[in-house]
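User: Could you walk me through this one? I'd like to go from the chain contacts down to single residues.

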Amino acid sequence: MNLSLLILIPLLTAAAVLLMRNAAQVRWVSLLGASAQLVLAFVLLFLFNQQRAAGNTAQMLFETQYNWFPSWNISFHLGVDGISVAMILLTAFVVIAGVLVSWNVTKMTKEFYFLLILLSMGAYGFFISLDLFILFFFLEIAVIPKYLLIGIWGSGKKEYAANKLALMLMGGSALVLVGLLGIYFSGKEHSFDLMKLAALNIPLQIQMICFPLLFAGFGVFTALFPLHTWVPDGHSSAPTAGSMFLAGISMKLGGYGCLRVATFLMPEGAKEYANIIIILSVIAILYGAFATMMQKDLKYINAYSSVSHCGFVLLGIGMLTKTSMTGAVMQMVSHGLMTALFFAVIGMIYERTHTRQVSEMGGLLKRMPFIGTVLFIVGLCSLGLPGLSGFVAEMTVFMGSWQHPDTFRRIATILACLSIVVTAVYILRAITKTAMGPLKEGFELLTDATWNEKLAALILIAGIIAIGIAPFWLNDLIAPGAEVIMQKLAIPK
Amino acid sequence: MPNATYIALIPLLPLAGFLMLGIFGRKYFKNTSGVIGAALLLISTVLALYTAYGYFFEYGKVDGVYQKLVPLKYTWLQFSENVSIDMGIIIDPVSVMMLVVVTFVSLMVHIYSLGYMKGDERFPTYYAFLGLFTFSMLGLVVSSNIFQIYIFWELVGVSSFLLIGYYYDKPSAVAACKKAFIVTRFADVGFLIGILILAFHSGTLDFNTLITTLTSPETEGYKSAAAASFMGVSALTWGLALVFVGGAGKSAMFPLHIWLPDAMEGPTPVSALIHAATMVVAGVFLVARLFPVFAISSPNALTMVGYVGAISALIAAIIACTQTDIKRVLAYSTMSQIGYMMFALGVSKYGGEEGLGYTASMFHLFTHAMFKALLFLGAGAVIHYIHSNEMKDMGGLRKYLPVTHITFLIACLAIAGVPPFAGFFSKEEILLAAYEHNTAIYWIALITSGLTAFYMFRLYFNIFWNAPSPLERAGGEVHGEHHGEGGFVMMMPLVLLAVGAAGAGFIPFGHFISSDGKQLNTEFHLQFSIAPVALGLAGIFIAMWMYKKQNNRPDKIAASLSSLYKAAYHKFYIDEIYTFITQKIIFNLIGRPAAWFDKNVVDGMINATGNGTKDISESIKGLQSGKVQSYAIYFLAGVIGLALLFIYWWT
Amino acid sequence: MMQPGLYHLLFISTALFFIGVYGFFTRRNLVTMLMSVELILNSVNLNFIAFNKYLWYDKMDGLFFTIFIIAIAAAEAAVAIAIIINLYRSHQSIDVENTEDLRY
C-alpha cells in the first residue's frame, strides 16, 4: 500500500470542498472524503496485520521514499509501525465524527470543512513521516488551521483563546525545531532521516540538550505541566468539531512525537530526564483532576480532565517500560476517542440548551435519552469503567509503571492511581447534575439527537467499546512498536 | 471435566438480556421485557444448579478433595510473557455455591419485580440493568484471574450505581448513587494497588498460580514479597491488606460502610439483590478466594480482617436499633451480618478442623442470602402496600398482608438465630470458630447476636403489630382491598425464599465447602448454643415487650440512654466526618487552591509572558516614529558606528 | 593659478556631503530635502571623479559610476517628486512633519 494515499485523499477532498457550490455539497463531499479516510485506515490495519502475520518483522512497513531536498538530505520518507497505525485509526474515527457533528455549521461552511480536512491531512502526514523535516512540516500544517477554527467559528473569549493556543503551540514547535536542528547537525553526515538517526546513536551531550527541548516542545501539545494552559481556554472556545480535533488529534501529535522522536532517538536523554517527566506527569494527573473538580462549565471540565488523562500518556512514556509505553499509546487512542465523543456530546447539549453551565442543567435524560445515555457512556469511560477503553489504557500504564521496584516510582504510581477516585468524583458530579435529577424548567421541549449526531456518537462508541471489550488487538498492534523502543533503550553506551 | 460452554452461558445469558433490552427494549419490548429477563435468568439458574450438581456429586471430587477446575481461559490482555489478564472460569466449591446463590436470588428478584415494578415508565431499562448486574456478579464469582475479578468488581459497582440511581429524578437517589460509587471507588484504589503488589511479587495475575506462589515459602516470589518491606510491614501483608480494603469497601465494612444505608434509595428488589444478598458479599468472597494466602502467609492481615469484621458487626447492630426507616434497619443489619462473615474468616486457619471459620463464613453467606433477600422483598411488599419507608406509618399490617407476615417472621427468626431456622446453624458455627480462636471477637459476636434479635423483632413488631398506623385509620383498608399483596408473582419468591430461610440450615455445608477442599465434619454442641440462643430469645422478648403494643416504653428507654441513643441515631456521626473531610479538606484545601493556582499562577505566567512582550514592544515602539529624518539620523549614526568599529576595533 | 589637487576636491566633496546631510536633517520641506539628497549624491559624484582623475587616470570606472549615479538620481528625482505631489494631494502639505502615518 502506498502511504502517500493517506495524504492525497485529504488533499483531494480539501480541493474538492473548495470547488463545491453550496453548503450541502460541501458537507457530503467532506463526509465522502472522511469515509474514504476511514476505509483507508481499516485497509491499512488489515494489510499491516497481514504483513506481520506473514512474518515481516521490519520495524517500519510500507516504506516509501521520494527525493525532496537532496542537498540538505531531506527526503519524503514515509512508513508505519503499529503505533502509527493505531494513531491513524484514531484520526480517521475522530475526523468522520467531527465532520458529522458539524452538519449544522452555517457560517462559512466551505472554509470550515476545508480547514478540518486540512488539519486531518497534517495529522496523517505527521503520523507516517519518517523524516524529521517533513514531520515538522506536517506538525505545522496541523497547527495553523486550529487558529482559524477557533478565531472564526469559536465562542466566548475566542480571540484570546486562539492567540494563546497558536502562540503556545508555535512556541512548542519552535523548541521542537531547535531540537531537530541539534540532532541534524549532531552527526558527521547531516540527516533528518529517523531510521538513519536511530542507527547512528546520537552523542550523549547532544542528547542531554536536545531531549528536553524536543520533549518540552512536543509536551506543549500534550499538555505537559506547566505548559498546559492553552488546553482549557482553547478547548472551551473552539467550535465542537474544533474541540474534538484539538483533543482527539492534536494533543496526540505531542504524545506521538515524545515517543517516536524524543524517546526513540535519544534513549540516554530519556533515562536521564525520566524522573522529571514522572514528577511533572504525576502533577498533571492529580492537579488536573483536582482542578477539574472545581470547574462549572462542561467544556472546561472535559478540558481539565484531558490534562489529567494526558498525564497518563506522559507517565507511561516516562516510566520507560514496554508495558507502560504500550499503555501510553493505548491511552492516546482511548483518550482521543473518548474526549472527542465527550466534546461532541457537550456540543449537542449546548446546541439545544444554549448553556454549558452544569448548574443550569438537570434531568436531560428525560428529554434526550440518546444524548443522556451517550453522556453516561463517555463519562463512565472517562472514569475507567471496564469494558470501555479508558480502563484498559490506564491499567496498562499502572501495570507497566509498577514494574520498577524503586520507591520513587512506586509512590508516583500510587499517586496516579489515586486520581481515579478524583476522576470519579468530578465525572459523576458532571453527569449526574446534567443528566439526572428533576428536569430544569424551560427544557421541556428539547429534542433528541438527529441522525448525523447519532451516527457520529455511534462511530466513536464503537471504537471505545472495541478497545474496551477486546483490547488484545490493540495491544498486539502497539506492543511490538514499544518493544523496538525498549531495545533501543537497553543499548548501553 | 465440566463442559465450559454451558457454564459460560450462565453469565452470558443475562448479558444478552442486558444488550437486547438495553438497546431495543424501549421500542420493541415495552411490556414483555420483564418476562424475557426472567426467562433468560431461569435458564441460567437451571444451568447453575446443574453445574453445582455435577461439580459436587460427579466430577468435582478427586481423592476426597474438591478440585479447582479451570474449564475456560482466554487471554484478554497480555502484559508480558507470564503476566496477562485472562478471561476465564474457575470452578471450585465457593464459586459454584456463589453461582447458585446469585442466579437463584436474582431469579427471585426478576420474578418479584414483574409485580413490583409493573407500570414503571422505564421497565425495560430496569430489566436491562438487572441483567447487567447479574452478568457482572456471575462473572465476578467465576473469575480465574485477579484482574478479571477487578474488572467485574468495577462492573458490579457501576450496575449498583445505575440501579441506585434508577429513580434519577429524585435528588436523594442521585446523591446516594454518587456516594455509593465514589466510596467503593476509593476502596477499589486500595484493591488495585494490592493487585499490583501481589502481581509484582508473584509474577502472575492468575489466581491458581498466584496462590501457589505466595503460599510456598521456597518460591522466589514468596521470598521477595516477604523480604520487601515498607514501614516495617512486609509487602505481602501490605498487598493483602490493600486488597482487603477493596473488599471492605464493597462489603460496607467500617469505616467504608457509609454508602450502604443511602443505597436504599434504589428500588427495593434491587436492594434485596445487590445490597443484601450478592454484591455486598463480594468482599467476603474476595477474602475467601485469597484465603490460603491470608491464612498461610500473612496471619496479621487476616487478624485485621477479623477485627474489622467484628467492629462492623457491633457498630451496625447498635445503629440498627435506632433507625426508623425499615430499609435502613435492614441495611445496617446486612452490614452487621457481613461483619459476621468477615470475622469468621478472620478467626479461621487454613486446613482441617482449624478451617471451621471459613466453612462457617461461607455457610452464613449462603443462608444470609436467603433470609436477607426475603426480608428485603417482604419489606418491599410492605412499602408497595403502604407507600412509605417509615416505621411510624406502619403497624398492624398482619391482617392485610398475611403471606408477607408469615414469611417475614420466618426470616426474622432465621436471622435472630432461633433453631431450627437457617441462621441458627450458620451462626453457631461462626460463634464456635470465634470461641476457639479469639475470645475478644467471640464476646463481640455474642453481644451482636442478642442485638440482632432485638432490632429485627423491633422491626417485625412495628410493622405487623403495634397500633394501626395513621395512614390506615384514614381509609387504608379500602386502599388495601384493590391493591392486595401484589399477586402471585410477588408472593411466589417470598414463599420460595422462606423455604430456603427455614431449611437451608440442614445442608451439611462442611461436606462441600472447606478451606482446603477436604470434607469437614461439623459437630453440633448443644451446651455451646445455649448462650447465644438464650440471648437471642431475650432480645426477641424485649422487643415484644417494647413494641408489640403501643406504649411509651421505647421513648423512656431512649431518654435514659440519651447520649448513646442520639449518637447511634446519627450513625455515630461518621457521615458528618466524611462530609467534613471531603468538603472542607479535599474541596477547600486541595481542589480550590489547585483551580486557583491554575487560573492565577500557571495561566498568569503564560499571560505574563504575553504581556511582557507587549510591554517591551510598547516601550520601544517610539523608535518607529514615522519621521523620515529621525530614521536618517539612526541610519547615519549606525554608519558612523560601523565605520568606527571597522576602523578601530576590527584590525 | 594654482592647480587644484585631490585634497581640494575631497574637501569640497566632504563639505557638499555635510551640507546635504545638514539640509536633510533640518529642512521640513520635502522638496528641499530632495535637493539636499541631490547635494549628497553630487558630493559622491565629485569623489568618484576626483579619485578617478588623480589615482587611476588610466581607468574609466569612476566616470561610469558618476554617469550611472546621475541617471539614477534623475529617475529618483522623478519618482520622489511624483510621491511628493501625491502626498500634497492627500495631505495638502509637503511638510515632512505631517507625513508620519507610516509608524507603529
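Predicted model: local features only at pLDDT ≥ 70, side-chain atom pairs only at ≥ 80, totals over all residues.

Analyst: Residues are numbered from 1 along each chain as its sequence is written, while chains are lettered from A and ligands numbered from 1 in the order in which they are written.

User: Which chains share the most contacts?
Analyst: Two residues are in contact here if their C-beta atoms, placed from the backbone, lie within 7 Å. Chain A and chain C do not touch, with their nearest C-alpha atoms 20 Å apart. Chain C has 9 residues in contact with 10 residues of chain B. Of the 2 pairs of chains in contact, the one with the most contacts is chains A and B.

User: Which helix gives the largest share of the side of chain A that touches chain B?
Analyst: On this interface, 36 residues of chain A are in contact with 34 residues of chain B. Elements giving two or more residues to chain A's side include helix 6 (158-184), helix 11 (267-293) and helix 19 (472-490) of chain A; helices (H or I, at least four residues) and strands (E, at least two) are DSSP runs, numbered from the N terminus. The largest share, 9 residues, comes from helix 17 of chain A.

User: How many charged residues are on the side of chain A that touches chain B?
Analyst: For the classes, Ala, Val, Leu, Ile, Met, Phe, Trp, Tyr, Cys and Pro count as nonpolar, Asp, Glu, Lys and Arg as charged, and the others, Gly among them, as polar. That side of chain A has 27 nonpolar and 7 polar residues. Its charged residues number 2.

User: How are helix 11 and helix 16 of chain B oriented to each other?
Analyst: Helix 11 (residues 268-277) and helix 16 (residues 356-386) of chain B pack with their axes 8 Å apart, at an angle of about 160°. Axes are lines fitted to C-alpha atoms, for helices over the stretch in contact, and angles run from 0 to 180 degrees between N-to-C directions. Angles under 35 degrees count as roughly parallel, over 145 as roughly antiparallel, 65 to 115 as roughly perpendicular and the rest as oblique. The two helices of chain B are therefore roughly antiparallel.

User: How many nonpolar residues are in the contact of helix 11 with helix 16 of chain B?
Analyst: Among the residues that meet are B:Pro269 and B:Ala272 in helix 11 of chain B, and B:Phe376 and B:Leu377 in helix 16 of chain B. The contact also has 3 polar and 1 charged residues. The nonpolar count is 10.

User: Is A:Leu197 buried or exposed?
Analyst: A:Leu197 sits in helix 7 (residues 194-200) of chain A. Leaving aside neighbours within four places in sequence, A:Leu197 is in contact with A:Ile183, A:Ser191, A:Ile202 and A:Leu265. A residue is buried if 20 or more other C-beta atoms, placed from the backbone, lie within 10 Å of its own, exposed if 12 or fewer, and partly exposed in between. With 21 C-beta neighbours inside 10 Å, A:Leu197 counts as buried.

User: What about A:Asn201, and what is its phi?
Analyst: A:Asn201 lies in the loop between helix 7 and helix 8 of chain A. A:Asn201 counts as partly exposed, because it has 17 C-beta neighbours inside 10 Å. Most residues other than glycine have a negative phi. A:Asn201 is not a glycine, yet its phi is positive, at about 60°.

User: Where does B:Ala252 lie?
Analyst: B:Ala252 is another non-glycine with a positive phi, about 55°. B:Ala252 has 30 other C-beta atoms within 10 Å, so B:Ala252 is buried. Its place is the loop between helix 9 (235-250) and helix 10 (259-262) of chain B.

User: What percentage of chain B is buried?
Analyst: Chain B comes to 28 helices and 6 strands. Its C-alpha trace spans about 120 × 70 × 60 Å along its principal axes. Of the 651 residues in chain B, the buried ones make up 56%.
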